[in-house]
Amino acid sequence: MAYMRAIDGRQLARLLGRTQEADPIGGTGTVYRHLASAIQMLILDGRLAIQTRLPSERELATALATSRTTVTAAYDALRTAGYAASRRGAGTWTTLPDDRPADPVAAFAPSTTSTHIDLAPAAPEAPGPELRAAYEHALTQLPHYMSGHGYHILGLPSLRDAIAARFNARGLPTTPEQIIVTSGAQHAFTLVLAALGRAGDRVIIDHPTYPNALDAIRRIHAEPVPVTLAEDGWDLEALAAAVRQSGPRLAYLLPDFQNPTGLLASDVERRHLAETLARARVVTVVDESNVEVGFVTPPPPLATYAPGVITLGSAGKSFWGGLRIGWIRAEQTMIRRLATTRANLDLASPPVEQEATAHLLRQADEILPHRRADLRERRDAMIALLAEYLPGWRVRPPDGGLALWCDMGMHVSSRLTTAAGQHGLRLAAGPRFGVDGAFERRIRLPLTLPRDVMQPTVQRLAHAFESVAAGGDPVATTNLRELFA
Ligand SMILES: Cc1ncc(COP(=O)(O)O)c(C=O)c1O
């Protein structure tokens, strides 16, 4: 049976407080309407998850220092609009109206047409000469492997050595026996879910998060439990509440240049996240796919603070997605368990790509500084173009990663994604990165566009946005500070 989250009056008042900072728009009309629309906005933004039990009217009235009649009327308005439901004895909880727009980007896979500029994936092109040299080196090693059967279920020793060396260099002691090579980080996560996940399990996720991971969780019929990220980092209080209320079995976190926000967890946040989850015996999976594409040096890996943490990595962002090489670092007993599961899934990854990746990893300190400098320039160029063509949008410059998580100031992401097609663009709507229709105000843009394509792309995006913004924001905003001061 689905569990019901709950939010108390103090927590909701805190979220409503953040709403006023994010949306300093004065409103007119009655107090209860403003309260109702502010709660509605929290729901649509994903800051207040669907199926969350709201505080009692009396409790929220006390927390907001307003009258109970105001809260009663606001809850009534939410029910009428389809954003809340109540049952005697069960209280009031958040819902979505039945007629909400469907997410227009059903698939997140790379585009198969060439006529559109594809802004849905955020993946870099290969580093030309280095990749070629890596494959040439790999081919010289091939005869050695051709004398055997070629199945290395844990990965080639040379690559496991190179991956372990990278962890050691980052301050996390790691032996090659703690590594299993996979066919990318997405494969690594599905392997972990296949080995450890069960239907009905609750899985804590950053909210927003990487869409293909969300789909993988849903595919095994587990239930994502969203813990909404704050503007500048991880909400540790909300995590503790989610752990208490949902009894999760797994957590999937992205502390290193989070996708899509670009956030980087501090040392303190890492320690806190690791300890909270370890205390509750939650199997914590950290996806470090973006760790090597940051503009600042990340703190030591989250696994430093809890030995049971399972860490996923990828060559896709550092070097090239087409290598299809990733890995898992875990305790040796866990690696053996994962290998047993792998035996009936895909058996092993191809030797040439593994040798090429080992070669690239051994040269990472020469290759990656160029990649980071290039991405930083692209980030600054994209932010400057957005400021010029879409001055109403708010973009927090990311600490790293391959994308910008833009706040459009209006709840039009799905509509924009649909309209973008007519302007020759393909977008992934904000709700693709969350659960229950959240993030309608957001859109993710890649930093990986060729430079000469950036300006015309942003120009087209601005035209598409104008066409949907003309219809106005379907969700009213409010300034609660004025109302409850
Ligand atoms: C957070 C995250 N995990 C996993 C992946 C997939 O990585 P791979 O290409 O190694 O499967 C991506 C790619 O976008 C990602 O951003």
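Q: With 485 residues, what radius of gyration would a compact globule have, and what does the protein chain have?
A: A compact globule of 485 residues would come out near 23 Å, and the protein chain has 23 Å, which agrees. The radius is taken over C-alpha atoms, and the globule rule is 2.2 Å times the number of residues to the power 0.38. This is a predicted model: local features need pLDDT of at least 70, side-chain atom pairs count only at pLDDT 80 or more, and totals for chains, interfaces and linings use all residues. Residues are numbered from 1 along each chain as its sequence is written, and side-chain values use heavy atoms, with hydrogens and water left out.

Q: What does the C-alpha trace span along its principal axes?
A: About 80 × 50 × 35 Å for the protein chain.

Q: How many helices and strands are there?
A: The protein chain has 16 helices and 16 strands. Helices (H or I, at least four residues) and strands (E, at least two) are DSSP runs, numbered from the N terminus.

Q: What share of the residues counts as buried?
A: 56% of the 485 residues. Buried means under 20% relative accessible area, exposed over 50%, partly exposed in between, with a 1.4 Å probe and protein chains only.

Q: Ok, the ligand. Which residues surround it?
A: Gly-184, Ala-185, Gln-186, Tyr-210, Tyr-252, Leu-254, Asn-259, Asp-287, Ser-289, Ser-314, Lys-317 and Arg-324.

Q: Which polar atoms lie by oxygen atoms of the ligand, say in Ser-314?
A: A polar side-chain atom of Ser-314 is 2.6 Å from a ligand oxygen. For Lys-317, an N or O atom in the side chain is 2.3 Å from an oxygen atom of the ligand. Gln-186 has a polar backbone atom 3.0 Å from a ligand oxygen.

Q: And how much of the ligand's accessible area does the protein cover?
A: 90% of the 400 Å² that the ligand has on its own. Those areas come from the Shrake-Rupley method with a 1.4 Å probe; for residues, only the protein chains shown count as cover.

Q: What about helix α7, is it mostly covered or mostly open?
A: Mostly covered: nine of its twelve residues are buried. Among them are His-187, Phe-189, Leu-193 and Leu-196.

Q: What should α7 span, at 1.5 Å a residue?
A: 16 Å for residues 185-196, and the end C-alpha atoms are 16 Å apart, which agrees. The expected span is 1.5 Å times one less than the number of residues.

Q: Which strands pair with β12?
A: β6 (residues 179-182) pairs with β12 in the antiparallel sense over four bridges, with Thr-182 opposite Gly-326. β11 (residues 310-314) is also antiparallel to β12 over four bridges, and there Thr-311 stands opposite Arg-329. Two strands pair if DSSP finds at least two bridges between them.

Q: Are the faces of β12 covered or open?
A: Both are covered: Gly-326 and Ile-328 on one side, Trp-327 and Arg-329 on the other, are all buried.

Q: Last one: where does Asp-256 lie?
A: In the loop between β9 (250-253) and α10 (267-279). Asp-256 is buried, with a relative accessible area of 2%.

Methods. A residue is near a molecule or strand if one of its heavy atoms lies within 4 Å of it. A polar contact is a pair of N or O atoms within 3.5 Å; within protein, one must be able to donate a hydrogen and the other to accept it, and residues adjacent in sequence count only if both atoms are side-chain atoms.
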